[in-house]
Amino acid sequence: HEWSFERAPFKMTRDYIDVMGGTGSDCFKEFKKLFVDGFKAARSNSLTALGLVEIMMYKSNYPCFTGTRYGGGVSLKRFEKRLMLNVPDSKVEKKAEQLITSSIDHYGTKLYDIFQKQSNGYAI
(Lines give C-alpha, C1' and ligand atoms only; values in the text may rest on other atoms or scores of the structure.)
Protein backbone atom coordinates (compact mmCIF):
# COMPACT_ATOMS: atom_id res chain seq x y z
CA HIS A 1 0.00 0.00 0.00
CA GLU A 2 1.33 3.42 -0.89
CA TRP A 3 2.10 5.91 1.85
CA SER A 4 0.47 9.33 1.81
CA PHE A 5 -0.67 12.07 4.16
CA GLU A 6 -3.72 12.51 1.99
CA ARG A 7 -6.36 9.95 2.91
CA ALA A 8 -9.41 12.19 2.67
CA PRO A 9 -11.66 11.71 -0.35
CA PHE A 10 -11.03 15.39 -1.19
CA LYS A 11 -9.75 18.56 0.45
CA MET A 12 -12.39 20.23 2.63
CA THR A 13 -10.63 22.40 5.18
CA ARG A 14 -12.23 24.32 8.02
CA ASP A 15 -11.53 27.49 6.01
CA TYR A 16 -13.67 26.19 3.16
CA ILE A 17 -16.48 25.42 5.59
CA ASP A 18 -16.18 28.86 7.20
CA VAL A 19 -16.35 30.59 3.80
CA MET A 20 -19.64 28.78 3.17
CA GLY A 21 -20.97 29.94 6.54
CA GLY A 22 -20.58 26.69 8.47
CA THR A 23 -22.07 23.24 8.08
CA GLY A 24 -25.57 24.45 9.00
CA SER A 25 -25.64 27.24 6.40
CA ASP A 26 -27.76 27.37 3.26
CA CYS A 27 -24.56 27.67 1.24
CA PHE A 28 -23.18 24.43 2.68
CA LYS A 29 -26.50 22.68 2.08
CA GLU A 30 -26.34 23.84 -1.54
CA PHE A 31 -22.75 22.57 -1.79
CA LYS A 32 -23.87 19.15 -0.52
CA LYS A 33 -26.75 19.05 -3.00
CA LEU A 34 -24.50 19.98 -5.91
CA PHE A 35 -21.83 17.51 -4.80
CA VAL A 36 -24.36 14.67 -4.64
CA ASP A 37 -25.86 15.67 -8.01
CA GLY A 38 -22.37 15.82 -9.53
CA PHE A 39 -21.47 12.43 -8.11
CA LYS A 40 -24.65 10.92 -9.55
CA ALA A 41 -23.91 12.52 -12.93
CA ALA A 42 -20.37 11.14 -12.86
CA ARG A 43 -21.76 7.67 -12.22
CA SER A 44 -24.34 7.95 -14.97
CA ASN A 45 -21.59 8.96 -17.41
CA SER A 46 -19.07 6.44 -16.09
CA LEU A 47 -18.67 4.51 -19.34
CA THR A 48 -17.66 7.67 -21.17
CA ALA A 49 -15.32 8.81 -18.39
CA LEU A 50 -13.70 5.40 -18.05
CA GLY A 51 -13.31 5.18 -21.81
CA LEU A 52 -11.59 8.56 -21.94
CA VAL A 53 -9.20 7.57 -19.15
CA GLU A 54 -8.44 4.32 -20.95
CA ILE A 55 -7.61 6.26 -24.13
CA MET A 56 -5.33 8.59 -22.15
CA MET A 57 -3.56 5.58 -20.66
CA TYR A 58 -2.68 4.05 -24.03
CA LYS A 59 1.10 4.22 -24.42
CA SER A 60 1.18 6.96 -21.80
CA ASN A 61 4.35 8.05 -20.07
CA TYR A 62 2.45 9.93 -17.38
CA PRO A 63 3.38 8.69 -13.89
CA CYS A 64 -0.30 8.43 -12.92
CA PHE A 65 -0.72 5.64 -15.50
CA THR A 66 2.62 3.80 -15.35
CA GLY A 67 4.89 1.81 -13.07
CA THR A 68 4.06 -0.82 -10.53
CA ARG A 69 1.77 1.48 -8.52
CA TYR A 70 -0.48 2.66 -11.35
CA GLY A 71 0.34 0.72 -14.51
CA GLY A 72 -1.38 -2.30 -15.95
CA GLY A 73 -4.82 -0.75 -15.59
CA VAL A 74 -4.48 -0.17 -11.84
CA SER A 75 -5.31 3.54 -12.09
CA LEU A 76 -8.37 2.77 -14.23
CA LYS A 77 -9.63 0.24 -11.67
CA ARG A 78 -9.07 2.75 -8.86
CA PHE A 79 -11.03 5.39 -10.77
CA GLU A 80 -13.83 2.91 -11.35
CA LYS A 81 -13.85 2.07 -7.65
CA ARG A 82 -14.08 5.77 -6.71
CA LEU A 83 -17.24 6.03 -8.80
CA MET A 84 -18.79 3.37 -6.52
CA LEU A 85 -20.52 1.63 -9.41
CA ASN A 86 -21.24 -1.34 -7.15
CA VAL A 87 -23.39 0.84 -4.86
CA PRO A 88 -27.12 0.75 -5.65
CA ASP A 89 -28.59 4.06 -6.86
CA SER A 90 -30.81 4.16 -3.77
CA LYS A 91 -27.71 4.41 -1.54
CA VAL A 92 -25.57 6.79 -3.60
CA GLU A 93 -26.76 9.99 -1.91
CA LYS A 94 -25.81 8.69 1.54
CA LYS A 95 -22.42 7.46 0.27
CA ALA A 96 -21.69 10.83 -1.37
CA GLU A 97 -22.61 12.65 1.84
CA GLN A 98 -20.25 10.32 3.74
CA LEU A 99 -17.44 11.43 1.40
CA ILE A 100 -18.12 15.02 2.40
CA THR A 101 -18.28 14.22 6.11
CA SER A 102 -15.06 12.22 6.08
CA SER A 103 -13.27 15.01 4.19
CA ILE A 104 -14.18 17.87 6.52
CA ASP A 105 -11.15 19.12 8.44
CA HIS A 106 -9.31 15.83 7.81
CA TYR A 107 -6.09 15.45 9.80
CA GLY A 108 -4.16 14.10 6.80
CA THR A 109 -5.05 17.16 4.74
CA LYS A 110 -3.68 19.40 7.49
CA LEU A 111 -0.46 17.38 7.63
CA TYR A 112 -0.07 17.48 3.86
CA ASP A 113 -0.54 21.26 3.83
CA ILE A 114 2.15 21.65 6.51
CA PHE A 115 4.46 19.35 4.55
CA GLN A 116 3.92 21.36 1.36
CA LYS A 117 4.65 24.62 3.16
CA GLN A 118 7.83 23.27 4.76
CA SER A 119 9.17 21.46 1.71
CA ASN A 120 8.04 23.69 -1.14
CA GLY A 121 7.05 26.98 0.45
CA TYR A 122 3.42 26.60 -0.65
CA ALA A 123 1.00 28.59 1.44
CA ILE A 124 -1.44 26.65 3.58
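Of the contacts in the protein with a separation of 6 or more, 68% are between residues 24 or more positions apart, where contact means heavy atoms within 4.5 Å. The structure is a predicted model, in which local features need pLDDT of at least 70 and side-chain atom pairs count only at pLDDT 80 or more, while totals for chains, interfaces and linings use all residues. Residues are numbered from 1 along each chain as its sequence is written, and side-chain values use heavy atoms, with hydrogens and water left out.

The protein has seven helices and zero strands. Helices (H or I, at least four residues) and strands (E, at least two) are DSSP runs, numbered from the N terminus. Read along the sequence, the pattern is therefore α-α-α-α-α-α-α. The C-alpha trace spans about 45 × 45 × 20 Å along its principal axes. Of the 124 residues, 27% are buried; buried means under 20% relative accessible area, exposed over 50%, and partly exposed in between, with a 1.4 Å probe and protein chains only.

Two packed helices are described by the angle between their axes and the distance between the axes. Axes are lines fitted to C-alpha atoms, for helices over the stretch in contact, and angles run from 0 to 180 degrees between N-to-C directions.

Helix α3 (residues 46–57) packs with helix α5 (residues 74–82) at an angle of about 165 degrees, their axes 10 Å apart. That makes α3 roughly antiparallel to α5. Angles under 35 degrees count as roughly parallel, over 145 as roughly antiparallel, 65 to 115 as roughly perpendicular and the rest as oblique. The crossing of α3 past α5 is right-handed; a crossing is left-handed if the near helix is turned anticlockwise from the far one by less than a right angle, and right-handed if clockwise. On the α3 side the contact is made by A49, L50, V53, E54 and M57, and on the α5 side by S75, L76, F79 and E80. By class, this contact of α3 with α5 has six nonpolar, one polar and two charged residues. Here Ala, Val, Leu, Ile, Met, Phe, Trp, Tyr, Cys and Pro count as nonpolar, Asp, Glu, Lys and Arg as charged, and the others, Gly among them, as polar.

A second pair is α2 and helix α6 (residues 89–103), which pack at about 125 degrees with axes 9 Å apart. These two helices are therefore oblique to each other, and α2 passes α6 in a right-handed crossing. From α2, F28, F31, K32, F35, V36, F39, K40 and R43 meet D89, V92, E93, A96, E97, L99 and I100 of α6. The residues of this contact divide into nine nonpolar, no polar and six charged.

R43 lies in helix α2 (residues 26–44) and counts as buried because its relative accessibility is 10%. Leaving out residues up to four places away in sequence, R43 touches L83, M84, L85, V87, P88, D89 and V92.

M84, one of the residues touched by R43, is in the loop between α5 and α6. M84 has a positive phi of about 55 degrees although it is not a glycine, and at 15% relative accessibility it counts as buried. K59 also is not a glycine and has a positive phi, of about 50 degrees. K59 is placed in the loop between α3 and α4 (67–70) and counts as exposed, at 69% relative accessibility.

What remains is the cysteines. C27 is partly exposed at 44% relative accessibility, and C64 is partly exposed at 40%. A disulfide is taken as a pair of cysteine sulfur atoms within 2.5 Å, and by this rule the count is zero disulfides.
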